[in-house]
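Trainee: I would like to learn how to read the features of a model, chain by chain. Please give me the general idea each time and then the case at hand.

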Amino acid sequence: MSIFFDLYAYWVSILLMLAGLYIVIDHTNLFKKLIGVNIFQTSVFIFFISMGKVDGGTAPILEEGYRVFSNPLPHVLILTAIVVSIATTAVGLALVVNINQRFKSIDEQEIEKLELEEE
Amino acid sequence: MMDLNQSIWASMLVPLVGAVLIYIFKSQKRIIEIVFVGTALCLLGVTVSIVKLGDAVFHQTITLFEFIDSVPFAFHLEPLGILYACVASGLWLVTTIYAIGYMNANKEKHLARFYICFCIAMLAVMGIAYAANLLTLFIFYEVLTLSTYPLVAHKGTDTAKAGARVYLGILLSTSIGFLLIAILWTWSATGTLDFTPGGILEDKLSNELLVLLFALYAFGIGKAALMPFHRWLPSAMVAPTPVSALLHAVAVVKAGVFCVLKVTVYVFGIDLLQTSDANIPIVWVATATMLLASLVAIQQDNFKARLAYSTISQLAYIVLGAALATTTSIIGSSMHLATHAVGKITLFFCAGAIYTATKKTLVSELNGLGRTMPFTFTAYTIAAVSIIGLPPLVGSWSKWFLIDGAVSADQLIIAVAFLISTVLNIIYLVPIATNGFLLKPDDGNTKINEAPFAVVMPLCVTAVLCFVMFFFMPVIYEFLS
Amino acid sequence: MIGAHYPVLQVVIPLIAAPLCSLLPKTKLPWLFATAIAWICFAIAIVLLLQVYQYGPLSYEFGSWPAPWGIQYYIDIVGAFVLVIVSAVASIALLASRCLVETDIAPHKHALFYTAFLLCFTGLLGIVATGDAFNVFVFLEISSLSSYALIAMGDNRKALTASYEYLIMGTIGATFILIGIGLLYSQTGTLNMLDLRERMHAIGGFRSVHAAFAFFTVGISLKLALFPLHHWLPNAYAYAPSVVSTFLAATATKVALYLMYRVFYTIFGFEFSFDLLNLGLILLPLSIIAVVISSFTAIFQPGVKRLLAYSSLGQIGYMTLGLSLASKAGLIASIIHLFNHAFIKGGLFMCMACMLTRMKSTRYADLAGAGRTMPWTSAAFVIGGLALIGIPLTSGFISKWYLVLATLEKDWWWLAIIIVFTSLLAVVYVWRVVEQLYFREPHADCAYVKEAPPLLLACTWIMILSTVYFGIDTRFPVTMATAAAEALLQ
């Protein structure tokens, strides 16, 4: 059982990852798909952060009496990745807004139908 | 006097310069016609000067630059190439005059494009004739295919486009699909692509693989029109007749058989082919092509289509001669390359002249036309007899050597096949002449109605050549052997 | 000495130039500025290539923090070669872009367009220049995000959906790569590629390393548009503004391929990727399917831009095919084709750009008779098409030559036959266009269109002539590819 409870952070991130991917694949609503991508990315952030955690470790500040530190590098990396993710969401949302203006719909299937009619 | 280097350069540059000049003056019809004929004259001059260089320069290689994997882009001279260059450039001169007459008489459009492509095709022919290795040969082979495509599709009608599509499709797919693989295989087996007397493949491949490789070459050189890759030739007959004449009696098809000969002699080597029996399957394919194409030709009513199938059959003679791989048969093949070119171009010229004068394209419409077009029909008769192979016309020499080659290779069946094919030649060529002269015209018209002078003159010249060359053949024999 | 800073300047110059560009007024200044920046980058890339070729790999340590603690830029011959390709295409495309941008994009967006273009350019250069795995992810996202924006600027509304689809797939791909990086980091504790390589040797094949390998493979294949992860590409290239499709078609997938070389050869190493995990067994069938299916699909496309996009998928298949042969010859063939195809496809998309400026369409029927109205553009298309088929004297022939030789070296006859057979499919789809151009009468409303603007036409011909030049003088790509393959296999 310990594989579940000791590594619960990894299980959470795997669950989130699957949920995110499922949303991307299953939903036809472009907005919801985007949120799915977002959840998917977030799961990877959690994965990175939990990787850096060392049991019993503290913040990496040199101080008398502390010998075990958590790794700060993943946090730094994830800060960057979060910015990237926000940018992606922003571009994606801008696209959805534009799609809504020009197609009058944000449903994938309806848009496909409209595109087919155009040809 | 030019040296080797200069003359080979010149034979590439002359057609190129001609093409550029025609492009520059594309709106002035007179000038491009003069340039066109002038280019052909210059090219013939260059070829003559190359012949005069004599055999001292044979197999000296001129390397332009390294191309891939240290295979150079290179040229050399050898008897076969010179013979092919002579035939092509000599007949080109005649064809230019004919083409001008024909194109004007039939009011064809896009003359500049037509003449430019013609010049580039000649450039490719010269490149093929002098290529020193397989890669150079392959490059010019493809240039020839691509530059003749616009000529075949010249009329721009749907049938012309469909014909041209078949033409391009078969020639490109055989060359890329088989020939390129054969070349790459040769390269990976031997590490060289140079044409070397005696061949380069000895002890490199097992006999079974040699059979496969020889077949890849024979079918890959689609321009040799071995069955079942012969369809392009009849389809390409949608082209204007000068194109059919030069390209399908001389340049393109002869490029094909020339490549086969060159591969046989300088890549495989006659001895290797004989000891390994790699040639046997192709011998039978060529024999079958020779007979089947003749049989098909008999049934064709369209004059040009009949000539096209006759060409397929005659090309198979040459391939067969090459595949028999004896010295005599190779010489016979090389001679046939020249003699058939002269004969067949005359026949095509006649077909074009008849079309120009009367717009008739079917064999069954030609009854009695001999009376109204005496020059054309006399020339036709001479050329037809030459192709059948009777003395004192030039075709008899090559046929003699081919049959002799078959006998010396102990292939009596093949020798008999040659004789049967001769009978078939008579069946599909002679009736046109006899019906033309002996039957009454369908419309009763007996007034002389020849095509314009520029059309008739060339065909008379080539017909006379059929006769004159008969006496010069021993010289060529000396040259080749 | 500024010379020592070339590796970083290569990336930093366009990165700083991008925001500056957005501040420029609505004149032709943004164009001039972006073009100048691209040419500067091109010059730097050439200098870098010369230096690397002579003196071996260059490395640059940020803030003088020694690797593996600091971030390191590492440029070897492979990277320098790809940098030259990317910056060459970018500088020609930008030079040509003036009239294209004027017709395709609203005037108030010009400066922003060039900003996005420069950012995309930065990203692609960064992926190649950096020696740090996480940096790769960041630059990948910089280039992807800006390319989403660029594609969405196409005037057809389908450009928006195409861009959206690319965004979803691209983000998933990049995130997969991020997961791969994370897994490797968790095993080795380093992000520096060279350091990663050494520590990988030490730890061998843990299961998480295998998982990282799988995530990398899928992530990069998504960016590379390798079958069956290619669905985003055709629409994105077909509906993007012409200059964007030119640039992306010629560079974006090439850089993804470069990433593939880096990850499989430099980080994981040849033995691990090909002997232990049999990458070839996965890549080979996928590449073959990609080549065959996309060549067939290309034949039935309604418009030429889509045709070219599908043909790109097939050509990518050839490159991964060379890679999957797991031999030096195959790798050389792959790199040579990477180089040649960049110019061939760039040139062909430029031809389409020329036609779009005049005819507003690249559907077959609308191109009828363009051989007469736009002779130079049509001639360029024919030459580019011949190069795509692989006719001798064009660079496409050189690619095919090396690729077929690499298969023959392994005695894989069937594969050689597949390669030549698919070139014949290229004959079919190229010839469909050629017939339209030359043997049809122009439409009434297209009968009097003029030849494309001179600058655009000149740039098109530079691309096309370079395919002819490198088809005749093969020394440069062949020497570079051989050196690159040796460097990768070390």
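**Reading the chains**

Mentor: A compact globule of 119 residues would have a radius of gyration near 14 Å, but chain A has 20 Å. The radius of gyration is taken over C-alpha atoms, and the globule rule is 2.2 Å times the number of residues to the power 0.38. This is a predicted model: local features need pLDDT of at least 70, side-chain atom pairs count only at pLDDT 80 or more, and totals for chains, interfaces and linings use all residues. Residues are numbered from 1 along each chain as its sequence is written, while chains are lettered from A and ligands numbered from 1 in the order in which they are written.

Trainee: What does the C-alpha trace of chain A span along its principal axes, and how many helices and strands does chain A have?

Mentor: The span is about 70 × 35 × 15 Å. Helices (H or I, at least four residues) and strands (E, at least two) are DSSP runs, numbered from the N terminus. Chain A has 5 helices and 0 strands, in the order α-α-α-α-α from the N terminus on.

Trainee: What share of the residues in chain A is buried?

Mentor: A residue is buried if 20 or more other C-beta atoms lie within 10 Å of its own, exposed if 12 or fewer, and partly exposed in between; C-beta atoms are placed from the backbone. In chain A, 24% of the 119 residues are buried. For contacts, two residues count if their C-beta atoms, placed from the backbone, lie within 7 Å. Of the contacts in chain A with a separation of 6 or more, 44% are between residues 24 or more positions apart.

Trainee: How does chain B read by those criteria?

Mentor: Chain B contains 18 helices and 2 strands. Its radius of gyration is 21 Å, close to the 23 Å that the globule rule gives for 481 residues, so chain B is as compact as a globular protein of that length. The C-alpha trace of chain B spans about 70 × 55 × 45 Å along its principal axes. Buried residues amount to 60% of the 481 in chain B. Among contacts in chain B between residues at least 6 apart in sequence, 81% join residues at least 24 apart.

**Between chains**

Trainee: Which chains have the most contacts between them?

Mentor: Of the 2 pairs of chains that touch, A and C have the most contacts. Chain A and chain B do not touch, and their nearest C-alpha atoms are 27 Å apart.

Trainee: How many residues do chain C and chain B each put into their contact?

Mentor: Chain C puts in 19 residues and chain B 18. On the side of chain C that touches chain B, helix H17 (395-409) and helix H18 (413-438) each supply at least two residues. H18(C) gives the most to that side, with 8 residues. As to class, Ala, Val, Leu, Ile, Met, Phe, Trp, Tyr, Cys and Pro count as nonpolar, Asp, Glu, Lys and Arg as charged, and the others, Gly among them, as polar. The side of chain C that touches chain B has 15 nonpolar, 2 polar and 2 charged residues.

**Helix pairs**

Trainee: At what angle do helices H10 and H13 of chain C pack?

Mentor: Axes are lines fitted to C-alpha atoms, for helices over the stretch in contact, and angles run from 0 to 180 degrees between N-to-C directions. Angles under 35 degrees count as roughly parallel, over 145 as roughly antiparallel, 65 to 115 as roughly perpendicular and the rest as oblique. H10 (residues 242-267) and H13 (residues 304-324) of chain C pack at about 20 degrees, with their axes 11 Å apart. That makes H10(C) roughly parallel to H13(C). The residues of this contact of H10(C) with H13(C) are 6 nonpolar, 3 polar and 1 charged.

Trainee: How do H13 and H16 of chain B cross?

Mentor: The axes of H13 (residues 327-358) and H16 (residues 395-408) of chain B come within 8 Å and cross at roughly 155 degrees. H13(B) and H16(B) are therefore roughly antiparallel to each other. The contact of H13(B) with H16(B) has 6 nonpolar, 11 polar and 1 charged residues.

**Backbone details**

Trainee: Where does B:Ala325 lie, and is B:Ala325 buried or exposed?

Mentor: B:Ala325 is in the loop between helix H12 (303-324) and H13 of chain B. B:Ala325 is buried, with 28 other C-beta atoms within 10 Å. Phi of B:Ala325 is near 55 degrees, a positive value in a residue other than glycine.
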